[in-house]
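This report goes through the fold, the nonpolar core, the aromatic pairs and the salt bridges of the structure shown below.

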Amino acid sequence: NALYELSKSGIFTEELVRNWVKLRNRSAHADQLRINDEELQAYLDEVHGCLELFFVLLLTYVGYHGPYYEYSKEGWPVSAIAKCA
């Protein structure tokens, strides 16, 4: 719930939070993870989204304002962390 509340402030998107929840639930049953190549890529995309969420949280916490890679998007474009009021 805390991540959803933080997403409302615009620090990161709610989509990244949903990725985290989905991946966390899947990881709890990793022994049942029998997937094909396409499903593996989708799983890795979710991992990258969680990595982005972690970085944004960390960078925001230390007061960083500037460019960072959006690992949740194809091609990992560079975006900027804006100052939060």
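Helices (H or I, at least four residues) and strands (E, at least two) are taken here as DSSP runs, numbered from the N terminus. On that basis the protein chain has three helices and two strands, and from the N terminus on its elements run α-α-α-β-β. The model is predicted, so that local features need pLDDT of at least 70 and side-chain atom pairs count only at pLDDT 80 or more, while totals for chains, interfaces and linings use all residues. Residues are numbered from 1 along each chain as its sequence is written, and side-chain values use heavy atoms, with hydrogens and water left out.

**Surface and core**

With accessible areas from the Shrake-Rupley method (1.4 Å probe; for residues, only the protein chains shown count as cover), the protein chain exposes about 6,200 Å², of which carbon and sulfur atoms supply 56%. Buried means under 20% relative accessible area, exposed over 50% and partly exposed in between, with a 1.4 Å probe and protein chains only; 22% of the 85 residues of the protein chain count as buried.

A nonpolar core is a set of buried Ala, Val, Leu, Ile, Met, Phe, Trp, Tyr and Cys residues joined through side-chain atoms within 4.5 Å. The largest such core has eight residues in all, namely Ile 11, Phe 12, Leu 16, Val 17, Leu 53, Val 56, Tyr 68 and Ile 81, and α2 (14-27) and α3 (37-61) each supply at least two residues of this core. If contact means heavy atoms within 4.5 Å, then Tyr 68, leaving aside its neighbours within four places in sequence, is in contact with residues including Glu 52, Val 56, Pro 77 and Ile 81.

Ser 7, which lies in helix α1 (residues 2-8), is buried, with a relative accessible area of 10%. Leaving aside its neighbours within four places in sequence, Ser 7 is in contact with Phe 12, Thr 13, Glu 14 and Val 17.

**Aromatic pairs**

Rings of Phe, Tyr and Trp (its six-membered ring) pair if their centres lie within 6.5 Å, and planes under 30 degrees apart count as stacked, over 60 as edge-to-face and the rest as tilted. A search of the whole structure finds four aromatic pairs. Among them, the rings of Phe 54 and Phe 55 have centres 5.9 Å apart and planes at 50°, so this pair is tilted, whereas those of Tyr 71 and Trp 76 have centres 4.7 Å apart and planes at 80°, so that pair is edge-to-face. Tyr 71 is buried at 18% relative accessible area, while Trp 76 is partly exposed at 39%. One aromatic cluster is formed by Phe 54, Phe 55, Tyr 69, Tyr 71 and Trp 76.

**Salt bridges**

A salt bridge is a side-chain nitrogen of Lys or Arg within 4 Å of a carboxyl oxygen of Asp or Glu, and by this rule the count comes to four. The table lists some of these.

| Lys | Glu | N to O distance |
|---|---|---|
| Lys 8 | Glu 5 | 3.1 Å |
| Lys 22 | Glu 46 | 3.1 Å |
| Lys 73 | Glu 70 | 3.0 Å |

Lys 22 lies in helix α2 and Glu 46 in helix α3, so the pair ties together parts that are 24 residues apart in sequence. Glu 46 counts as buried at 5% relative accessibility, whereas Lys 22 counts as partly exposed at 47%. Lys 8 and Glu 5, by contrast, are three residues apart in helix α1 and therefore separated by about one helical turn.
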